[in-house]
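Let's take a walk through this one together. Have the viewer open and follow along.

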Amino acid sequence: MKRCFHGKKSLCVLLVTALLAMAVLGGCADGTGESSEDNSSKESTVESTQTDSAESGETTGADASGESTEPEGSESGSAEDAASGQETGDRYGGSIVVGVQQDIDSLDPHKATAAGTKEIIFNIFEGLVKPDENGNLINAVASDYTISEDGLVYTFTLRDNVKFHNGNVVTAEDVKYSLERVSGLLDGTPLISTLSTIKSVDILDEKTVQVTVENANTELIYSFVAAIIPAGSGEDETADPIGTGPFSFVSYKPQQGIVLAKNPDYWQEGLPYLDQVEFKIINSADTALLELQGGTIDFYAYLTDSQAQALQGSHQVISSPTNMVQALFLNNAVEPLNDVRVRQAISYALDKESINDFVGGGNGTLLSSAMLPTLKEYYVDLNDTYGTTANVEKAKELMADAGYADGFDMEIAIVSTYEFHMQTGEVIVEQLKEIGINATIKGMENSSWLDEVYNGRQFDATITALTCDMTPGYLMNRFQTESSKNFINFQSAEYDEIYAKAQAALDPDEKAGYYKELQKILCDQAGSVFIQAPANQTAISSKLEGYKFYPVYVQDMSTVYITE
Amino acid sequence: MGRTFREMERTPREEGGSWKDRIPWNKYFLAGLVMTGLALALGILGLFWTPYSTTAMSASEKFDPPSLLHIFGTDNFGRDIFSRVMKGLGTTIGISGLVVLFSGSAGILLGALTGYFGGLADEIVMRVTDAVNGFPSILLTLVIISLLGSGRQNVIISLGIVFVPSYVRIVRSEYLKLRDADYIRRARLLGVKDVRILFVHILPNIFSVFWVSVMIGFNNAILAESGMSYLGIGVQPPEASLGNMLSDAQGYLQAAPWYALSVGLSIVWVVLGFSLFSEGIRRGKCE
Amino acid sequence: MKYLGKKTITLIMTLFLVSVAAFLAFQIIPGDVVMSILGTEATPEREEQLREELGLGDPPAVRYLNWMTGVLKGDLGVSYRYSKNMNEMMPVAELIGDKLPVTLWLAAVSLALIVLVSIPLGVLWVRSGSRVLDAALGVITQATMAVPSFFLGILVTFVFGIILKFFAPGGYISYQEDFSGFLGYLLFPALSIALPKIAMTARFLRNSMLTEVGTDYVRTAYSKGCTKRRVMYVHVLRNAMMPVVTFLGMIVAEIVAGSIVIEQVFSLPGIGRLLISAISTRDFPVVQILILYITFVVIFVYFLVDILYRVIDPRISGK
């Protein structure tokens, strides 16, 4: 049985990656894409039940390797691997260089907050659970978990024989330490705000950890992606980052990059393929293009449209939606933007389609509120409210109503190194002229922007993108009147009330209903002008296969392999 | 009596006929005049009129290569690059002019006072000048811009400050030289007020030296302004400046090489024109 | 000697002023260090904790004293921004030590290019006597001096990187991995720095040599029957080189400053790029040390040039 399973599993991974590769090569024809999904669901019934249970967040996360309580299982598995290894043998080995835009903000997985860091250290660290490429949770360091009826007690069963990169097996103590560290139980400083609701972490036996929380929230399970690290490593002065992920940390050089090596003990059989992955920091998008062409990097996400076009033919260029919401954020507390009619007028005046065409090559997904379409159950399409092209008549009417028929001056603050937002700003300035608004761009450094705009709220308007995680509450949370992250000073008692209800709701449908209402309020009140979820155009060297796109901001290198 | 004073006071100004005779008609001067004249004319014209709108965007005309319609081609928003270069010339030259005016006058004032009177104030000013000179100017502008924020006025202020020391040095050394000149001693003996000596007796005589440093300063200001806008800390888009256009253009070096080339060469044109012009003046009529 | 002492005191005074100015400037610059490090997603408790860790609660004077005594003892502090490992921040000394070789080698290669090209060029210029060559070099050098370094960098990238494919733009090779590859890559940014300076130095040398050619001793040498070649190389060049050496000293100071921009254009991980990013992320420990360091290098080079000038030309020290 065990034998069978392991063989099946690696076969399944192979099949999925092979089909994915075919889909990629075949220009991603719809048919191929679907059949790949079909196959994977048939072959890996075990995994899909696991996914389902994670989604509903109830009862057991039935994981197959949970059945296999004997650690020898891995041995028999590798025997199977060898049998089917004929075509897979040459997948192993090699090293690649991945270009990334941002430097690491911290090598401590609990203190790292930048999306650009999280996408890299996803390869080093894992939580009890982790996201998969479909936006669902799968079990990682835990093989199984249950949540009590009232949603207050989480019981995690640890997967057998998961090893840290230092060779030690993950114990219940490590899990307890990690969770107490992020929740602030250790020293009173919570590092991940959603987990500060944890009241206690108790070790039931050497394989079982029970977590008790203060408030029930069905979205909380997504926060258990927080990295599990060796007990005490947060205090060890010289500790290299050690996790349980498919790659282990080798070295980091400021402004140059981070090198990772294969974790030979990784618990997912057969992964990863590559021996080494280097994440190289590229300081400008122009250089990235030249480096891709010169072959000094093999992989780069977030290309501009003209770069994507330049790379067609020589590279695999794949467009996927990002989990970001780009918007012209309006400060609801300053004149004349405190008038809802003015904000609505601006919403009508913007031609989102042409912004998308000019700046994103038409690949972005147009939005009208702060929710991503990838969160299918919660998203509601509100693009009809203001339309996606300019309605200058309607906008002028509203401006006149508000007493600004002649327009006004407005300053749009943008972090000047974000070229995408700067260009969006240029287009918007031009579009706002139509209704008499004389907008100017104020280019700022990121730190000044954070200080003045985000924290100080001293601004008229600003263009930026907010990154979302897997939970719908993540973006909606900040628009509550009293939220410390409500930098646009959005005020709506109705919104606050419904948000509280959404958080308390335990029934998924009810919860989704509330979230849809919230989006509608935000859109109708024109809290800001939500523009798009920009497309992420990724260039992948033609010799690489097996990359999986995630709907969250991660770059999973474990399934990538070299074909040549 | 007053007349004698006047005579005695007379400074050994260059003897010359009318202004026409003083123009150095050498080939450097001519080439510089033509190049600078063209750039200035385009820049000034650009303030009032450009062949196309400098901001209106057109998706269908993105990245048109140079043609008779658009002699420099179009950019990533379908805007006419030549029109934007005209606007950018105006912006860049205007800013540089103000920078030179600001730093030049401050330089004369500080240099004259410290060079003529010397003393503790001189010592302090010279130490500060040394410190500022020791600072690479780009570093100083970066720091000042971090303080003030980016944008047109702040570029003028920060460059203005950065450029003052170079003028102070030159003016000071000239004053230092001339304050002990015979005609100045004589003027002092005759009881001429210091202010009059400073600005009536000495100032006209340092102009030939000062003029050259103004020209060099102007050139440096153009380079500095475009450099700052290139780094994204100067003039902000969509306002056109040669520097920020070049920074945009760098991203399209392959898709639209004409963009970077036409903008970059425009900067070279202006700088070269001015340096030829000042070289011509420096050489005078002898060549 | 008295002069030397006075100059040294001035040097130290200037460095002190710069250190105070650098420190003060960053007390008033807008932008919160803590926010800048943590971004928008951290918990308020974490922000508070970090503020304490960094000692930002102390008054500026105390912080300046702490910092300065540390620097004098050789402790340059730790970066606010870059991690060394999971729990420690990168010491500034280590951070700069890693980047400094890049900048120094860039400067060295640039200087080598300048010396190797400009001196033969200057000599050729004076020796040829051809009016066409003279005019052509005059125009070319003048034009080269008018190209801003960042545009020159773009041109070099375009011509040698994209069209001729002599190097992979952005494909910087670490000096620890492959030193000759590293130097090969540096050649192109160095070229961007060197070209205008070559033009400047060649012109300077030419003028300097022309001045010497007209002097009495050269005429004497000719009248003694020296060959033109001998006069050129033994008398004229040697004497004309004196001011050129001091001129090159100033060029070195300019290269150090000029590399800040060129490192951006060619994405070289040197101290220039470190400086720009440290300013924008408010990594003050790094910025302050870098400012002090760069200022020190520049002032020290000027100082050396000054001394050298006195040694070479005894007429000046009379004053």
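What follows goes from a sheet to a helix and then to a chain contact. Keep in mind that this is a predicted model.

Start in chain A, where four strands make an open sheet in the order 4-5-7-6, paired antiparallel. As a bit of background, strands of a sheet pair through backbone hydrogen bonds, either parallel or antiparallel. In chain A, strand 4 (142-147) and strand 6 (198-205) sit at the edges with a single partner strand each, so one side of each has no neighbour in the sheet. On average, neighbouring strands here are turned by 20 degrees against each other, ignoring direction.

Now hop over to helix 7 (residues 149-163) of chain C. Its 15 residues reach 20 Å from first C-alpha to last, close to the expected 21 Å. Buried residues in this helix include C:Phe150, C:Phe151, C:Leu152 and C:Ile154. What do the buried residues of helix 7 of chain C pack against? Their partners include helix 8 (285-294) of chain A, helix 9 (194-230) of chain B and helix 8 (179-213) of chain C. Just past helix 7 of chain C, C:Lys165 adopts a positive phi of about 55 degrees.

Last stop: 20 residues of chain B are in contact with 20 residues of chain A. On the chain B side, those residues split into nine nonpolar, 11 polar and no charged.

Key
Residues numbered from 1 in each chain as written. Chains lettered and ligands numbered in written order. Predicted model: local features only at pLDDT ≥ 70, side-chain atom pairs only at ≥ 80, totals over all residues. Contact = placed C-beta atoms within 7 Å. Nonpolar A, V, L, I, M, F, W, Y, C, P; charged D, E, K, R; others polar. Pairing = 2+ DSSP bridges. Helix = DSSP H or I, 4+ residues; strand = E, 2+ residues; numbered from the N terminus. Axes fitted to C-alpha atoms, helices over the stretch in contact; angles between N-to-C directions. Expected span 1.5 Å × (residues − 1). Buried ≥ 20, exposed ≤ 12 C-beta atoms within 10 Å, placed from the backbone.
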